[in-house]
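Let's take a walk through a protein structure together. Keep the sequence and the 3D view side by side, and look up each place as we come to it.

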Amino acid sequence: MSIKRFFLAPSEDLVQLSSQFRLVKETLRRNGSYLPATPDEPPEETQPYDADRTDDDSNFDRKNLCDPIEEFEEGKEPYVNQGSALLRTECNFFKFFLDGSIRTYYLGEQIEDNRSYPLIATEVASAAIKRADDGRASVSKLMRKVALLVPPSPPARPQTVRDLIELRANFSAVRSPIKLDIEQLERDIHQPGVDLRTSLLGKARAVMHEIEHTLARSLKREKGEWLILDGAIRRPEFLGLDETIGLAKSFSRNPVFHISGRFKDVVAMLSGLKEGARTVVFRHSGEGGDPVRKRVAFWYLRLRSGRGLQGPLQGIVKIDYRSRGDLLKADDIELVNTISRALLAEKYVSPYPTPRWHAHIYPIYVAENYIKSSLFSPLAFRGHFGGI
Amino acid sequence: MIGKTTATENSPNTVDDFAFWLSPDKIVNPFDFVTADHLRGTRTIGIVREMMMITDAPSHLSNYVSSEFGTVTTPPNTTRVSTTIARASVMANTGIETKRQGISLEINMPIENDQPVRFATASEVAIALGAEKIKQPVPMGLIEMSNGVSIPVSVDGRYLLGPEAAHLNVSGISGLATKTSYMMFLIQSILSRYGHEKMGVVMFNVKQQDLLHVDEEATDLTPLDLEIYKSLGIESKPFANVTYFLPRGPDGEPDSEHEPENSKIYAYSLGDCVSDTRSSLDLLFSEVRDPDYTIASILEHLRERWPLRFGRDVKHDDETVRTADQRVETWEDLRFYENFPREIRPGSRGKFKRHLGRLIKNSDLFVPGRKHEVYLGDEVKRLKGGQIYVIDIFRVGKAEERAAFVIGDVMRSLEEMYAEEIEGRPEKVIVVVDELNKFAPKGSTPGPVAQQIIEVARTGRSRGTVLFGAEQFKSEAHEQVYENAGTHLIGRTGSSELSTQPYSFLDKETKSNVTRLEKGELVLVHAAFRQPVKIVFPCPSYKRQESATSEAREAGSTSTSKPDGAFSES
């Protein structure tokens, strides 16, 4: 009796991925010299990292002023008290919750023609949670992708890039639930002077947003079944999603608000915001070319205050929503109020004691956990693919 | 399918057990048998031991904070992710074929993660209980699973009646009519399997009319009981060939709650209890504290010198009541006997006579000479295969010592029956003793009756005497009695009792489940089973006390008096 046969055979997708990584390795070795990283190299994300804020930062810079697009009484604070929360038992307003997750691995350095570049692999996934009317959460959909991130040419040799793109075509023909994708960093995205590794991580993030969007579009939603995306709306394609908001538990400190003829930064503007109240709705002023900046209306809502909170912005979430005009009309305001009240109900239950629990909502936390449990463990990833 | 196995860093599956999460709409209970897929196409069968509901809240504080720091009125907008995790103890693996024909290799490796789990089928439960290895199956009851399936469970008679293991011990709190009922049901089961001709049964009635109707048709069997009998393959009929032995009462009448037709009256003359070859007087003095062995030396003297003569004239109130050459023949004679050796001091003689007087005085059981009464020792030695003796000791229990004496004397006679190799004796004799804690109580120096019971527990297996004993609390019975039992049944028992040493063979989850057992449910612990299982059983198929007394009440029976100090259960 063979002892080997007693143990679990690796799953089919794992076998496929391993063989695809092996082919990549052969290609790299054919075109240059590949220096693999040590197996105990940690995943790139082990450093403290605030994805929401990073995304939101990209929507603002110091020159960008934000103007209210909702009327409020001159001379008063731009706050709107929301009253009672819109509980699920009254109206299950938000039914879908979408999050994405990313894990990137530094695999080593490739040396070609006296130039080197890092090789980064990433595993990204996105999941949507659906909440039934009885409050139970279940997974609606999951999408996963494993990709090798390749720099532009140069520093990569054109032949290497061509070979890898050819491999990608071969891999995509394989019938397997998950296969290795090869993503090349676009030349125009990699800014001169920026560390290539940082640019590749940005590319990984873009890949994640891509599958988030694909998944969001594929959700079978009835009218009135609102979707919450975790984080700020940054990419224009998300603006095409109906009945969807972006919910950021952490946000940029960059915007400056033009209120009653005065300019306030975000802390100054939010310092007086009471629990259960929101700010008026803002939008970037000016006619910049960025479609997101042009079309996203946003406001802030304080979910929590007082006990357990340590900073002035804790307990506040930022809501991004596709604006429908320059100034909100009455029905727009009513919708904003409904969204805010429904969000106030989302604080029960909370994912305490996770980081930023005060502004986190539980269904998104469930989606996060589900995604994490679906990804390969770093140990398994390195064990199977890291040694290339 | 009801769930999938789950193994985590902190809670791995092991050789002995595995965990599985439950699909939200499934109902599972402790003691359910489940099957999980395992390596090489095998299946591992387990029995559910414990279940816990978990959520993703890392602490209770998380839940408190989740409710806005203690707001009790707000409902959760999203209910927490939660599931019930069940942990099952491994009973068996279906095994893989080997080159050696008929031998399969069990896979005892831990079960992997995410393996489908379902309720075990009847054949899988049979594998779990080693049914294919049972040579002489004795139905013990039914396993009832939460999916509505009932599966008969049998044990190998060689492990219940010898020679591999023997004896049965039933414990549990009173009032659930479970312990005695179960023993009676099991005897019916054994008789139906082994055939009456090989088995003899001696049982002691310690509760009113409890066992005084065992040959009468049952009146309280429910359709469910009948169904269980049917599924176990046992005919539901009362015991046959029953002889009742009732204690002698005033005027030579039986001193019993009920007088069955085929009954005899038993009594004890002095000659029954002492001869030159045997003595059972020690059993009568069983409860007398005798730290200096003075009573023991007197009893030894009586046996050695038997038949006794008075040796000198005995005077009472200046009157000669016994002459020197007269023989000691009655209990009264023994009270006048004075011809003790010098080493036995007057104080010791007085103690002996005081206790003797206390034990036999005002008792109609001890007679100068038997007339129509029988001596139980002789009757027991005449026990044949297929005969059932019911010995009523309920009213004898005015002084517990007398009841203990009856039990001890019967058991000693049974031992003698085997020693004397009496022809026609049954292959096995089952002796049913309730309230074992009274007759063989715990303690470092057991009295003669307890020693007699212990002797049967220790050596009866090889001779064919099988003890079916019951008590409320194992901790109050002598450890040699219950520790020699190969099969244990435990009914509902309090947690403080379960925390005592006699139950240390049960894991804490089983103990916790035992505290929740219902009437008619028992946990079966058997030498051949890897884990305890829960069984149910039907009411025994004879007229039981409750129905018997209610009928008597309806008929205006006057036989309802209760003796004081009787064996009423608390």
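Predicted model: local features only at pLDDT ≥ 70, side-chain atom pairs only at ≥ 80, totals over all residues.

For chain A, the mean pLDDT is 85, and 87% of the residues reach 70 or more. One stretch to treat with care is residues 1–8 of chain A, where pLDDT stays under 50. For these residues the model has two contacts beyond four places in sequence.

Let's begin with chain A. This chain has nine helices and 15 strands. Of its 388 residues, 43% are buried. How does the chain fold back on itself? Take the contacts in chain A between residues at least 6 apart in sequence: 75% of them join residues at least 24 apart.

Now turn to chain B, which has 570 residues, 46% of them buried. Its secondary structure comes to 18 helices and 22 strands. The C-alpha trace of chain B spans about 100 × 60 × 55 Å along its principal axes. Into which domains is chain B divided? Domain 1 covers 3–128, domain 2 is made of 156–267 together with 370–554, and domain 3 covers 271–360. Notice from these numbers that domain 2 is written in two pieces, 156–267 and 370–554, with domain 3 at 271–360. The centres of domain 1 and domain 3 of chain B, taken over C-alpha atoms, are separated by 69 Å. As for contacts in chain B between residues at least 6 apart in sequence, 71% join residues at least 24 apart.

Next, look inside. In soluble globular proteins, nonpolar side chains tend to be buried together. The largest nonpolar core here has 147 residues, and the members that touch the most others are Val202(B), Val390(B), Ile391(B), Ile407(B), Val431(B) and Ile453(B). Helix 12 of chain B, residues 400–419, gives the largest share of this core, with nine residues. Which residues does Val202(B) touch, not counting those up to four places away in sequence? They are Val380(B), Leu383(B), Tyr389(B), Ile391(B), Val410(B), Val429(B) and Val431(B). Apart from this core lies another, of 94 residues, including Ile259(A), Tyr300(A), Leu301(A) and Ala342(A).

A helix in chain A lets you see burial at work. In helix 9 of chain A, residues 378–386, the residues Arg382(A), Phe385(A) and Gly386(A) are buried. Seen down the axis of helix 9 of chain A, its buried residues fall within an arc of 100 degrees, so they line one face of the helix. What covers the buried residues of helix 9 of chain A? The cover includes helix 1 (12–31), strand 4 (94–112) and strand 5 (115–131) of chain A.

The two chains also meet. Their contact takes 22 residues from chain A and 18 residues from chain B. On the side of chain B that touches chain A, seven residues are nonpolar, seven are polar and four are charged.

Let's finish with some single residues. Most residues other than glycine have a negative phi, and most peptide bonds are trans. Asp113(A) is not a glycine, and yet its phi is positive, about 50 degrees. You will find Asp113(A) in the loop between strand 4 and strand 5 of chain A. Is Asp113(A) buried or exposed? Asp113(A) counts as exposed because it has 12 C-beta neighbours inside 10 Å. Chain B has a residue of this kind too: Arg40(B), also not a glycine, has a positive phi of about 55 degrees. Arg40(B) sits in the loop between strand 3 (33–37) and strand 4 (43–55) of chain B. With 14 C-beta neighbours inside 10 Å, Arg40(B) counts as partly exposed.

Now for the peptide bonds. In chain A, a cis peptide bond joins Tyr352(A) and Pro353(A), with omega about 5 degrees. Pro353(A) belongs to the loop between helix 7 (330–345) and helix 8 (362–374) of chain A. In chain B, the bond from Trp306(B) to Pro307(B) is cis, and its omega is near 0 degrees. Pro307(B) lies in the loop between helix 8 (294–305) and strand 15 (314–316) of chain B.

Methods
Residues numbered from 1 in each chain as written. Chains lettered and ligands numbered in written order. Domains from an automatic or database assignment. Core = buried A, V, L, I, M, F, W, Y, C linked by C-beta atoms within 7 Å. Buried ≥ 20, exposed ≤ 12 C-beta atoms within 10 Å, placed from the backbone. Helix = DSSP H or I, 4+ residues; strand = E, 2+ residues; numbered from the N terminus. Contact = placed C-beta atoms within 7 Å. Nonpolar A, V, L, I, M, F, W, Y, C, P; charged D, E, K, R; others polar. Arc of directions from axis to C-beta. pLDDT = per-residue confidence, 0-100.
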